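Biologist: I'd like to learn how to read pockets, strands and cores in a model like this one. Can we go through it together?

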Amino acid sequence: MTAFRYLLVGVVTVSYFQLYAQEVVASGRVIDQADRQPIEYASVAFYLTEDSSLIAGCVTDENGNFSLPGLVVEPMYYVVQFMGYQSLHSDVVASTTTIDVGILELSIHTAVLQEIQITGREVTSFHRLDKQVFDGKQYIQAQGGTAMDILRNLPAISVNANGEITVRGVSGFHLMIDGKPIQSDANVLLQQLPANAVEDVEIITSPSAQYDPDGKAGIIHIKTRRGSLQGLFISTNAQIGLPSIEDYDNQESALRYGADVLVNFIQDKWDLSVGLDYRRDDVSGQRIGYVNTYQNSVLTEFPSFGERSFDRESYTGRLTLEYSPTQKQTFSIALYAGKRLQFRTADILYDYQRRAQISPNQFLGPQAYWNAYKKNGRVSTTGIGQDSLQYFNTNLRVRKGDFLLGQLGYDVMLANDYELSLSGLYERTILGGPTDNTNVGYPNVLDTLQFQFNDNDNPLDGVRLQVDLSKKTTIGKWESGYQFRYLNHPGDFIYLDRNLQTNEWIVNPTFTNGIRLRRSIHALYSQITGKNKKLSYTVGLRVEAFDRSVSLDTPKKTFKLNQVNPFPSINLLYSASESLSLKAAYSRRIERTTTFKMTPFPEREHSETLEQGDAELLPEFIDVVEMGVIKNWQDNEAYLTGYWRNTANVVNRVNTIYNDSILNRIYTNAGTATALGLELGITYYPAKWCRLALGANIFNYQIKGNLFDEAINTQSTIYSYNTNFLFTLSPTLKANFALNYLSNRITAQGEDSRFYNPSFSLIKSFRDDTWNIVLQWLNIDMGLLNSNEQRITTVQDNFFTTTNYIYEVDIVKLGVSYRFNSPAKNSRLLNSEFGDKEF
């Protein structure tokens, strides 16, 4: 309860300043004169009329509002400024205890308009107190694609062969869409969200207390578009993939096509947004593997080769309706529904070789047998008790999810400049899907050796309730709130073996079971955001009471975990000059485990692998400290950030031997992981027609702990970089080349190999950007490189396993987009809070 005392002291202290500070308060709203949209971070300053001395100043919030306390009851005037706009100077203001200046309109400076027309250069990113903001429309190579295509090109972000996103080398970031946090699988959602709907992407590596503390890599916040004027805005896009250049002898050809449409209608007090999306995005590929195990003086080796492909299809629809009866209050309702299907095919040929009576003295070690296999291209067939078998495994795993979400919201500005926000969300998701696993002889594939079938049903119900209250005070903006989250996620798993003599299905009790996860979170937070001359700051504390229970059907047992955890945070930004800023931050975060990672009984993934979780798996706790410098000159920008990240209870997926030909992948807490690194970002115009965006990250990564009662201590230096060249060939024709590279990285038991992907895009616009055609060449390889493939290796004293995942290269797509009326505002379309992560 100590943490609650700290929070109470903070709240009482802030309340004291609120109640007893004698103040004159001025308020108003700053908007763009042309499109009537709010201007965030506009500077508002009040001066004494007598000598023009500065009294106080502030910046506007995301809605363009400001509330400035600390003024005096004397004649004053104010000045409103924002980069690229003409400054607004007021007449003398008669001061009273409350001053409402109303709506203030800024117009774009004529020189700026001329510069934009001449150079065509736009800001690609900018830094704020606690985040870096990237302009989504600047990543034109992603047009017609998804939000994932934009993220691939951002500094410090990498995407590996399995589509897993890492920020500064770690996965597990928390995703927000239009200010709404989600707890679901961000990878799935980002592959469904159209890139053309993305307005801005915010990277928040050290979030403040107002944000959920989930996600060890921080927060990725995506803001979506809508129309900016009264009336109708329409954005529609279509994309088709050309036939595969390399099909890897897969049974079926990959299909790639999709379309999305966003319609927004604004009329007086009403704002309606509707989004529909359909996407088919298959990926061909193959996997090449090798495993050896040593148990009871028996050495088993089984290399493998075959198809590993994905057929993915999704339908989604979103709707948001907002009603603002007055300028001070807004009611909102949002719905999100859809279907997702994924078919993973793994048809693999195995060459099983077993040798008995190999004593420990004769055993050369797992690595040695792998080296011999690489050298000779085959497994040795000599040995006592030699046993060999070639067989073909056909494995089809279907993953499906039908979901429906609903959210209600209410925002209101109260008396004395208080702002109140209420919201509630409910989600219902039906997860599950069957897996067919069949082993047949080879080359006589009509000889069935084993036939298995498993299925699971995982309905998920999630609830989120939230209350937020804020007020401008003499020391800054105070924000506090309460949040409740509840998750109920049962799962029934059935596993059947086919009796080949009687053709009857027999329940396999080893893999058949039931599980139920319940999780509730109560959270309180309070923070203060302010500015003292050149120093901007946010200081806050969040406290969460966390209850989790995992119940099993067999045996009847419940595992419980109850914790109360504080999450302090501080962000500092010092403006040394107009072109140079310094920043520092600290935050504490948590990475909670999914139901899948806590399922303690094994699940048969395919012929050689089981997946198993741990019902007592502890959440990861992350402490992050960072310091950096930001430099701007002309149209160019560079920043350098040093960071230290410590992760307690780090979760790794590790392997153990289940039997001589099956490994069991287990999720377990492996100890403590630390990372010490540097992040570099540069946006540079070497010529008027060329822009270079470079992001690089290098860090030393170390894991210390214990695995199965054995000490581990591994470390390596890991790096990644994203390069992005944009060439303006003419006012209506642009070309883009990008390269994403991720170096080798260590794991608790082995190493993941390097991974890279070059890409090229050509963009042609028509009729003032109303129409756009985009030609994309993804995963460039041409048979000369090793693009879009990654080797995963783990090794212990009694086994060695390595798998090279090779996914489709030289993918060509053609997209067309059309826009009616210009987009410039968030569409606020609802996204999944719970279910995507389990999907």
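**Pocket, strands, cores, cavity**

Modeller: Start with strand β21, which gives the most to the lining of the second largest pocket, with 4 residues. Keep in mind that this is a predicted model, where local features need pLDDT of at least 70 and side-chain atom pairs count only at pLDDT 80 or more, while totals for chains, interfaces and linings use all residues. Residues are numbered from 1 along each chain as its sequence is written, and side-chain values use heavy atoms, with hydrogens and water left out.

Biologist: What volume does the second largest pocket have, and which residues lie nearest its centre?

Modeller: A pocket is an open set of 1 Å grid points over the protein atoms alone, with protein on both sides within 12 Å along at least five of seven lines; lining residues have an atom within 4 Å of a point. Here the volume, meaning the space filled by probe spheres set on the points, is about 270 Å³. Of its 19 lining residues, Gln 251, Glu 252, Glu 307, Thr 345 and Leu 396 lie nearest the centre. Strands β21, β22 and β23 (387–413) each supply at least two. By class there are 5 nonpolar, 8 polar and 6 charged residues, with Asp, Glu, Lys and Arg as charged, Ala, Val, Leu, Ile, Met, Phe, Trp, Tyr, Cys and Pro as nonpolar, and the others, Gly among them, as polar.

Biologist: Which strands pair with β21?

Modeller: Strands are DSSP runs of E, at least two residues long, and helices runs of H or I, at least four, numbered from the N terminus; two strands pair if DSSP finds at least two bridges between them. β21 (residues 304–326) runs antiparallel to β18 (residues 270–281), with 11 bridges, and there Leu 272 stands opposite Leu 321. β19 (residues 285–295) is another antiparallel partner, over 4 bridges. In that pairing, Gln 286 faces Glu 307 of β21, the Glu 307 that lies among those nearest the pocket centre. β21 and β22 make a hairpin with 2 residues between them.

Biologist: And the cores? How many residues does the largest nonpolar core have?

Modeller: In soluble globular proteins, nonpolar side chains tend to be buried together. A core here is a set of buried Ala, Val, Leu, Ile, Met, Phe, Trp, Tyr and Cys residues joined through side-chain atoms within 4.5 Å. The largest has 24 residues, and Leu 190, Val 201, Ile 220 and Ile 222 have the most contacts inside it. Among the elements giving it two or more residues are α3 (147–151), β14 (198–204) and β15 (219–224); α3 gives the most, 4 residues. A second, separate core of 21 residues includes Ala 26, Val 80, Val 93 and Ile 99.

Biologist: Is Val 80 buried or exposed?

Modeller: Val 80 has 0% relative accessibility, so it counts as buried (under 20% relative accessible area; exposed is over 50%, partly exposed in between, with a 1.4 Å probe and protein chains only). Val 80 sits in strand β5 (residues 76–81). Its contacts (heavy atoms within 4.5 Å) include Val 30, Val 44, Leu 104 and Leu 106, leaving out residues up to four places away in sequence.

Biologist: How many cavities of 30 Å³ or more does a search of the whole structure find?

Modeller: A cavity is a set of grid points where a 1.4 Å probe fits but cannot get out, with points joined across faces, edges and corners. The search finds 11.
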